[in-house]
Amino acid sequence: MLPAIAWKNKAVVMVDQRKLPWKEVYVECRTVEQVARAIESMIIRGAPAIGIAAAYGLALGFANLKMGEDPVRAFEKFFYRLWRTRPTAQNLFWALERMKKVFEENKNRKLSELKKILLAEAQAIEKEDLEINKKISEYGQALIPEKAVILTHCNAGGLATAGYGTALGVIRAAVKQGKKVKVLADETRPFLQGARLTVWELDKEKIPVTLITDNMAGWLMNSGEVDVVIVGADRIAHNGDTANKIGTYSLAVLAKENKIPFYVAAPLSTFDFNLGTGRDIPIEERNPEEVRRACGKLITLPNVPVKNPAFDVTPARLITAIITEKGILRPPYQQSIKSLK
Ligand code: MRU
C-alpha cells in the first residue's frame, strides 16, 4: 500500500485523507506552514503519522533556509508552529523533541550539513516507525484466536503511521499467519476514519471487513458477534490510561461488560512517561461544523450548539493488554510501563 507520507524532491508529499476513499489525491507541502496546516486540517492524521509529518516539517523548513538566516531562531519558529498543531497525540511532541535534540547537537555545523542531518533524522523516524509497526503486529497477532471477529475503531492502519499500522498491523499479521479473521469497523463519527479509511485499507488487501455505525457495537458484543476489540492510541499515561479516538472509552466499557478482551496497540513514542494518569491528557476540541455536517452536508440546524471532543481517555482497568514493540504489557501497568523506561 502507498505510504501516507513521503519526502520527495524537497517536498513533503501526503495522500489527502479527507478525500479518501473517493479520491486518491496527493498534496505537496513546500513550507513549514503548509505542513502545519495539513496536520491541523487532517490531510494527515493518526498519532505516528502526525509525528513523522512534524519531523519532515522541520527538515523542510531547514531545506528552505538561506545562508545568513539565523538557524537557532528559525528552528524555534518552526518547532513552535508545529508544536501547536494538535494537542493530544504524544507522537507529535516526541518527534519534535527528538529533532530538537539532534539540532542542539549539530547547530554549530555548516548550514548545508545541518540540512542533511535534520532530513536524515526525519527519515530515520519514518523508517523506524515502519519497523516498530511490524514488531507490534508480530507480538499482537499471537493474541488473536485462529478464528476471530475483531472490532476496531477509527483508523490505526498504514494511513496513520509510516505504513502497516498498529491495530490494523496486528490484524494484517494475523491474516498473514493464516488466521481466519473478520473485521468489524466502527464508522467513527464525526470524521469517519473507520468508514472512509479503515474500510478502504482492508478492502484493498481483501481482508473481510463489515462496516457498522458506532452505536451498534454494544449490541453486537452482547449478541456474541465480537471476539476481540483492538484499537490504537494517541497518548498513554504512566498508569496505562489511554487517550484514543472519541468512542474508544465506550467500547472498552462494553467489552468489559461482555467479557471481551480489549487491546491497545501502540509504539513507545505514544507513551507520555511524565503523566501519572490520563486525567491530564489534553483533549482536542475540534470545529463544531464536523458534527453539524456529515461529508460536508448539513445534518441538523445550522446553529445548534455542538460538542466535539476528538478523543477520550480509557481507564487502564478496562484494558486487557497494551501491545508495544517491546512486547505485551499486562496490568498492573504502573509496573509494566515502568519496565519500558
Ligand atoms: O483524529 P485522528 O484521526 O488523528 O485520530 C487518530 C486515532 O485516534 C488513532 O486511533 C491513533 O492516532 C492511533 S493511529 C496508529
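Which residues do ring pairs link into a cluster? To find out, keep this predicted model open and follow the stops below.

**Stop one: helix α4.** Select residues 90–106. At 1.5 Å a residue, the 17 residues of α4 should span 24 Å, and the end C-alpha atoms lie 25 Å apart, so the helix agrees with that expectation. Now colour its buried residues: Gln-90, Asn-91, Leu-92, Phe-93, Ala-95, Leu-96, Arg-98, Met-99, Val-102, Phe-103 and Asn-106.

**Stop three: the aromatic rings.** The model has 10 aromatic pairs. Pick out Phe-62 and Phe-103, a tilted pair with 5.6 Å from centre to centre and 55° between the planes. This pair links distant parts of the chain, since Phe-62 belongs to helix α2 and Phe-103 to helix α4, 41 residues apart. Both Phe-62 and Phe-103 are buried.

Next, widen the view to answer the opening question: ring pairs join Phe-62, Phe-75, Phe-78, Phe-79, Tyr-80, Trp-83, Phe-93 and Phe-103 into a cluster.

**Stop four: charges over rings.** Lys-100 lies over the face of Phe-79, at 5.2 Å from the ring centre. For another such arrangement, select Tyr-164 and Arg-172: here Arg-172 lies over the face of Tyr-164, at 5.9 Å from the ring centre.

Key
Residues numbered from 1 in each chain as written. Predicted model: local features only at pLDDT ≥ 70, side-chain atom pairs only at ≥ 80, totals over all residues. Heavy atoms only, no water. Helix = DSSP H or I, 4+ residues; strand = E, 2+ residues; numbered from the N terminus. Expected span 1.5 Å × (residues − 1). Buried < 20%, exposed > 50% of the residue type's maximum accessible area, 1.4 Å probe, protein only. Phe/Tyr/Trp six-rings, centres within 6.5 Å; stacked < 30°, edge-to-face > 60°. Lys NZ or Arg CZ within 6 Å of the ring centre and 35° of its normal.
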